[in-house]
Amino acid sequence: MLRILVCVSGGGTNLQAVMDAIRDGRITNTEIVGVISNNKNAYALTRAGQSGIDAVCLSPRDFPDRAAFNQAFLDKVDSYSPDLIVLAGFLVTIPAAMIENYRNRIINIHPSLIPSFCGVGFYGLKVHEAALARGVKVTGATVHFVDEGTDTGPILLQKSVEVQEDDTPESLQLRVMEEAEWQILPRAIDLIANGKVSVTDGKVRYK
């Protein structure tokens, strides 16, 4: 049974997609052992609590410095003994020690087709604003493993979404979630849970 820990900062729509997929059997051999948020008001914490999942808030604001937070965060992560850490809209820089300790065991969902509209400063609506400003005709979402860079880890899955002429950042964000994020994140977890993914020379291979 794959033990997954989900880290999230906001409403938890991707968390909900994962919970639904486990319930519906689209993710197999998997259980969510905990949810961590840096935002005490994140609705994701409510979603988790309503489903009987242990959920905690751990914010950098509650610590004297970033080093203290990083250590507390890593200790809390370790306490769940996760096999896989899922970053689902988690707006906190992952400590280097955590990346090293969980190499190729942390995945992130990003709302664009990496390497487009990614990296420092590209998150949430900012991604979709940039896509519309550039006038791209196709965007989408990417699930990738997390390394020391920002959105630079090995790509696991991607799914495209067509941009419509009357799109706003909000409408594009919703469609990317519905048509891409909520589909490929559960699929990625299921692939990992069933031993169908490996990383070789910085690239994802399927078994």
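Mentor: A definition comes first: axes are lines fitted to C-alpha atoms, for helices over the stretch in contact, and angles run from 0 to 180 degrees between N-to-C directions. The model is predicted.

Let us begin with helix H1 (residues 13-24) and helix H2 (residues 43-50), whose axes come within 9 Å and cross at roughly 20°. Angles under 35 degrees count as roughly parallel, and H1 and H2 are therefore roughly parallel to each other. The crossing in which H1 passes H2 is right-handed. On the H1 side the contact involves Thr 13, Leu 15, Gln 16 and Met 19, which meet Ala 44, Arg 47 and Ala 48 of H2. Sorted by class, this contact of H1 with H2 comprises four nonpolar, two polar and one charged residues.

The second pair is helix H5 (residues 125-134) and helix H6 (residues 169-193); their axes come within 9 Å and cross at roughly 110°. That angle makes H5 roughly perpendicular to H6. H5 passes H6 in a right-handed crossing. H5 contributes Leu 125, His 128, Glu 129 and Leu 132 to the contact, while H6 contributes Pro 169, Glu 170, Leu 172, Gln 173 and Val 176. The classes represented in the contact of H5 with H6 are five nonpolar, two polar and two charged residues.

We turn now to the loops. The loop between strand E5 (106-110) and H5 holds Val 120, and Pro 115 lies in the loop between E5 and H5 as well. The peptide bond from Ile 114 to Pro 115 is cis, with omega near 20°. Val 120 has 75% relative accessibility and so counts as exposed.

Two non-glycine residues deserve a note on backbone geometry. Asn 104, in the loop between helix H4 (96-101) and E5, has a positive phi of about 60°. Its relative accessible area of 32% makes Asn 104 partly exposed. Asp 151, in the loop between strand E6 (138-145) and strand E7 (155-162), has a positive phi near 65°. With a relative accessible area of 12%, Asp 151 is buried.

Technical notes. Residues numbered from 1 in each chain as written. Predicted model: local features only at pLDDT ≥ 70, side-chain atom pairs only at ≥ 80, totals over all residues. Heavy atoms only, no water. Helix = DSSP H or I, 4+ residues; strand = E, 2+ residues; numbered from the N terminus. Parallel < 35°, antiparallel > 145°, perpendicular 65-115°, else oblique. Left-handed = near helix turned anticlockwise from the far one by under 90°. Contact = heavy atoms within 4.5 Å. Nonpolar A, V, L, I, M, F, W, Y, C, P; charged D, E, K, R; others polar. Buried < 20%, exposed > 50% of the residue type's maximum accessible area, 1.4 Å probe, protein only.
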